[in-house]
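This briefing walks through selected features of the structure shown here, grouped by topic for reading beside the coordinates.

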There are 2 protein chains.
Amino acid sequence: MKGFLEIVKNRKSIREFEDREVERDLIEKIMEAAIYSPTAMNKQDRRFTVIRNKDIIARFEEAIKKGLGIPRYSLHDAPVFVIISVPVDSDDGIANSSTAMQNLYLAVENYGLGSCWINQFKYLNEDPGIRSLYEELGIPSDEKVYAAMIIGYPDEKPEEKNREEKIIYID
Amino acid sequence: MKGFLEIVKNRKSIREFEDREVERDLIEKIMEAAIYSPTAMNKQDRRFTVIRNKDIIARFEEAIKKGLGIPRYSLHDAPVFVIISVPVDSDDGIANSSTAMQNLYLAVENYGLGSCWINQFKYLNEDPGIRSLYEELGIPSDEKVYAAMIIGYPDEKPEEKNREEKIIYID
């Protein structure tokens with residue numbers, strides 16, 4: 001069993017994946033960790049859309065390329081793509097998406113998978129190509145997406161990065 | 001040693017604390033987990049101000065009461081108060097604050113402490129009383145605060161809440 005701090009320190013963004021499916025029961029365990037992350041006032045008002053369908057993931061990649069105008073944009077052939085959507089009128093949509101993302105990151109690490117935050121959707125909430133895919137998957141027009149994640153079996157071992165953030169103690 | 005999913009599931013918001021100091025070396029371990037949370041593009045541009053000085057915490061409580069106009073507002077006599085500040089011009093300030101908050105929550109649970117997210121500062125970034133305290137502690141005027149946390153030894157055991165968020169699988 002991995003220790004908590006070991007999981008926290010080993011977590012790294014992964015952008016190269018084995019050509020290997022992630023089992024449905026494993027991804028369900030990971031999603032359980034996601035919904036245990038807090039929401040402001042315990043509203044539990046997030047929607048997690050968990051895509052393992054390769055065709056749909058490829059269509060998202062195409063729509064992001066077009067929406068951003070970046071032809072070489074890639075979702076890195078990841079076998080799993082998780083989209084978190086939150087009510088448009090929530091004051092805490094980004095925060096609530098981000099606590100879930102962090103639990104996802106750590107759960108993925110705990111189970112020997114790898115993942116990377118996909119940060120582009122927050123700029124594409126009004127994009128027609130993206131919206132049409134959301135509609136097809138049942139993500140309603142009164143929800144926005146600020147965060148998404150690619151997940152799979154890692155096929156790279158990124159180097160550790162130095163941590164140099166400011167911590168000021170007022171004793 | 002606690003398992004990862006156990007930590008994730010046991011984490012609850014704590015608002016009653018023992019009248020007991022949290023040791024400096026323990027809080028340093030917890031802050032280590034915080035800085036291992038990701039920032040967009042690995043900018044590591046957060047500042048963590050960790051306050052164990054009771055007088056300063058009391059002055060924050062007073063300033064929040066005044067800023068919000070809520071005389072009964074309370075920081076629950078917590079012995080530790082952590083403020084996360086981020087550059088005003090960051091596109092990812094809320095997300096970067098929130099991943100750190102989630103690591104803090106889990107680290108606190110891992111070490112047998114309790115914590116609660118303080119969500120009021122995001123409304124008080126321009127408040128003169130709050131800004132003057134920030135200045136006193138060295139939080140510069142080009143940083144904003146979206147998230148803070150009270151931490152201490154828990155003196156309550158909140159009941160487990162049902163988790164009923166929407167998870168949609170597209171296989």
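Counted over all chains, the structure, which is a predicted model, holds ten aromatic pairs. The points below begin with some of these rings and then turn to charges over rings, cysteines, the nonpolar core, the contact between the chains and the backbone.

**Aromatic rings in chain A**

- Phe60(A) and Phe81(A) form one aromatic pair, with 5.6 Å from centre to centre and 70° between the planes, an arrangement that is edge-to-face.
- This pair links distant parts of the chain, since Phe60(A) belongs to helix H3 (residues 54–68) of chain A and Phe81(A) to strand E2 (residues 80–87) of chain A, 21 residues apart.
- Phe60(A) has a relative accessibility of 0% and therefore counts as buried, and Phe81(A), with a relative accessible area of 0%, is buried as well.
- Phe60(A) also pairs with Tyr134(A), and because the ring centres are 6.1 Å apart and the planes stand at 40°, this pair is tilted.
- Tyr134(A) is buried, its relative accessible area being 0%.
- Taken together, Phe60(A), Phe81(A), Phe121(A) and Tyr134(A) are linked by ring pairs into a cluster.

**Charges over rings**

- Arg20(A) lies over the face of Tyr153(A), at a distance of 3.6 Å from the ring centre.
- A further case involves both chains, in that the charged end of Arg24(B) sits over the ring of Tyr169(A), 3.9 Å from the centre of that ring.

**Cysteines**

- Over all chains, the structure holds zero disulfides.
- Cys116(A) has a relative accessibility of 5%, which means that Cys116(A) counts as buried, the cut-off being under 20%.
- Cys116(B) likewise counts as buried, at 5% relative accessibility.

**Nonpolar core**

- In soluble globular proteins, nonpolar side chains tend to be buried together.
- The largest nonpolar core here has 63 residues, and of these Leu104(A) and Leu104(B) touch the most other members.
- When residues up to four places away in sequence are not counted, Leu104(B) touches Ile30(B), Met31(B), Ala34(B), Val82(B), Ile84(B) and Met149(B).

**Contact between the chains**

- Chain A gives 64 residues to the contact, and chain B gives 64 residues.
- About 6000 Å² of area is buried between chain B and chain A, and carbon and sulfur atoms give 56% of that area.
- On the side of chain B, the residues that lose the most area to chain A are Phe4(B), Tyr36(B) and Glu165(B), which together make up 14% of what that side buries.

**Backbone with positive phi**

- Most residues other than glycine have a negative phi, and this is the background for the points that follow.
- His76(A), a residue other than glycine, has a positive phi near 60°, and His76(A) is placed in the loop between H3 and E2 of chain A.
- With a relative accessibility of 28%, His76(A) counts as partly exposed.
- Met41(B), which is also a residue other than glycine, has a positive phi near 55°, and Met41(B) is found in the loop between helix H2 (24–35) and strand E1 (47–51) of chain B.
- Met41(B) has a relative accessible area of 76% and is therefore exposed, the cut-off being over 50%.

Methods. Residues numbered from 1 in each chain as written. Chains lettered and ligands numbered in written order. Predicted model: local features only at pLDDT ≥ 70, side-chain atom pairs only at ≥ 80, totals over all residues. Heavy atoms only, no water. Phe/Tyr/Trp six-rings, centres within 6.5 Å; stacked < 30°, edge-to-face > 60°. Helix = DSSP H or I, 4+ residues; strand = E, 2+ residues; numbered from the N terminus. Buried < 20%, exposed > 50% of the residue type's maximum accessible area, 1.4 Å probe, protein only. Lys NZ or Arg CZ within 6 Å of the ring centre and 35° of its normal. Disulfide = S-S within 2.5 Å. Core = buried A, V, L, I, M, F, W, Y, C linked by side-chain atoms within 4.5 Å. Contact = heavy atoms within 4.5 Å. Buried area = accessible area lost by both parts, 1.4 Å probe.
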